[in-house]
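My entries follow in the order of looking.

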Number of protein chains: 2
Amino acid sequence: MKTLKHSRQRDAIMRCLMARHDHPTADAVYLSVKEEFPNVSLGTVYRNLNLLADLGEIRRLNCGSGPERFDGDTHPHYHFICRECGQVADLSMDVLSQMDEAAQAHCGGRIDSHITYFYGVCRDCLAASNN
Amino acid sequence: MKTLKHSRQRDAIMRCLMARHDHPTADAVYLSVKEEFPNVSLGTVYRNLNLLADLGEIRRLNCGSGPERFDGDTHPHYHFICRECGQVADLSMDVLSQMDEAAQAHCGGRIDSHITYFYGVCRDCLAASNN
DNA sequence: CTAATAATGATAACCATTACTAATTATAAT
DNA sequence: ATTATAATTAGTAATGGTTATCATTATTAG
């Protein structure tokens, strides 16, 4: 079997994700990590993001369109996406597990989780459109 | 401005989506339509799927990973994704608009909709794993 | 310290999707 | 009906995000 070996680049990628809360894309992580490791490869970033996600240490976000995003916060929580500026923000709202039970009643199989993205216009874009 | 002109290919694409309920990818639609129009172009399928989606006559589905899927049923409804076989099924469950209100309380901006995908194991895959 | 092997950087390949273009088709005007 | 106009198409090239390959480098076990 395959044992994990330590890597400075992976550390930096993990640190980057813990530090920022804007749910960056792989490319955004790449640019961040590049400041510390000027010749890190984009492939390395992708490889480690996938590894960390598979290990459950980070989360993948597919917020509709555009490239995949990543979240260093693995606690179950919802996300809000502004359809004006595209920002992805955390919602400090408990995940409603009763949704799963409600859906279970309409499903022949077994439901164990759900992913929800809320859409709308963020505070800043609201303010901007009121000018 | 740009007036819509009739097209047999677009009709066939629309008919395909109304007929099947497996939420096909663009490529799957392409294969279907190809039976009637042997030299339809994949680009035509993409162009029309996007047009129809923008007109609100069909829906785009981004179920996590893999290519985009399309749904001829525009009524608000939830989807279930089997993590074993990957099938995407409709759930005959009312959309909970109170979710939006609940989330609204945790958001500085305005929330007007949400998208939810339920995950689990479908009936068939459950049965298969019990062998 | 050395051997074994995981991880890297660089680059090519891949796949889904979009853009381009000349030829075709549908509609409107004559 | 004929023609003019503009949308649509098929075919193909290009794009963008992501993954695969591979020789080299870094990390760990013995």
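**Burial.** I call a residue buried if 20 or more other C-beta atoms lie within 10 Å of its own, exposed if 12 or fewer, and partly exposed in between, with C-beta atoms placed from the backbone. I looked up His23(B) under that rule. It counts as buried, with 22 C-beta neighbours inside 10 Å.

**Ground rules.** This is a predicted model, so I took local features only at pLDDT of at least 70 and side-chain atom pairs only at pLDDT 80 or more, while totals for chains, interfaces and linings use all residues. Residues are numbered from 1 along each chain as its sequence is written, and chains are lettered from A and ligands numbered from 1 in the order in which they are written.

**Positive phi.** I stayed with His23(B). Its phi is near 55°, a positive value in a residue other than glycine. Most residues other than glycine have a negative phi. His23(B) is found in the loop between α1 and α2 (26-36) of chain B. I then checked chain A. His23(A) has a positive phi of about 55° and is not a glycine. His23(A) lies in the loop between α1 and α2 (26-36) of chain A. It is buried, with 22 other C-beta atoms within 10 Å.

**Chain A overall.** I listed the elements as DSSP runs numbered from the N terminus: helices are H or I of at least four residues, strands are E of at least two. Chain A has five helices and five strands. From the N terminus on, their order is α-α-α-β-β-β-β-α-β-α. Along the principal axes, the C-alpha atoms of chain A fill a box of roughly 50 × 45 × 25 Å. Of its 131 residues, 29% count as buried. For contacts I required C-beta atoms, placed from the backbone, within 7 Å. Among contacts in chain A between residues at least 6 apart in sequence, 46% join residues at least 24 apart.

**Symmetry.** How is chain A superposed on chain B? A rotation of 180° with 0.0 Å of shift along its axis does it, at RMSD 0.1 Å. That is the relation of a two-fold axis. Thr116(A) comes closest to the rotation axis among the residues of chain A, at 2.1 Å (C-alpha).

**Interface.** I counted 32 residues from chain A and 32 residues from chain B in the contact. On the chain A side, β3 (78-82), α4 (98-104), β5 (110-121) and α5 (123-129) each supply at least two residues. β5(A) gives the most, with twelve residues. By class, this side of chain A has 17 nonpolar, eleven polar and four charged residues. My classes: Ala, Val, Leu, Ile, Met, Phe, Trp, Tyr, Cys and Pro are nonpolar, Asp, Glu, Lys and Arg charged, and the others, Gly among them, polar. 100% of the interface residues of chain A are also interface residues in chain B, so the copies meet through the same surface.

**Sheet.** Strands pair if DSSP finds at least two bridges between them. Eleven bridges join β5(A) to β5 of chain B (residues 110-121), and the two run antiparallel. Ile111(A) stands opposite Gly120(B). Within chain B, β3 (residues 78-82) runs parallel to β5(B), with four bridges. Ile81(B) has Tyr119(B) as its bridge partner there. I then traced the open sheet of six strands, in the order β4(A)-β3(A)-β5(A)-β5(B)-β3(B)-β4(B), with mixed pairing. β4 (88-91) of chain A and β4 (88-91) of chain B stand at the edges, each with a single partner strand, so one side of each has no neighbour in the sheet.

**DNA strand C.** Near means a C-beta atom, placed from the backbone, within 6 Å of the strand. Which residues come nearest to DNA strand C? Of the 27 around it, they are Ser7(A), Thr44(A), His6(B), Gly43(B) and Glu68(B). The elements giving two or more residues are α1 (8-19) and α3 (42-55) of chain A together with α3 (42-55) of chain B. This surface has seven nonpolar, 13 polar and seven charged residues.

**DNA strand D.** I found 28 residues around DNA strand D, and His6(A), Gly43(A), Glu68(A), Ser7(B) and Thr44(B) come nearest. Here α3 of chain A together with α1 (8-19) and α3 of chain B give two or more residues. α3(B) gives the most, with five residues. The classes are eight nonpolar, 13 polar and seven charged.

Note on methods:
Contact = placed C-beta atoms within 7 Å. Least-squares fit on C-alpha atoms with pLDDT ≥ 70 in both.
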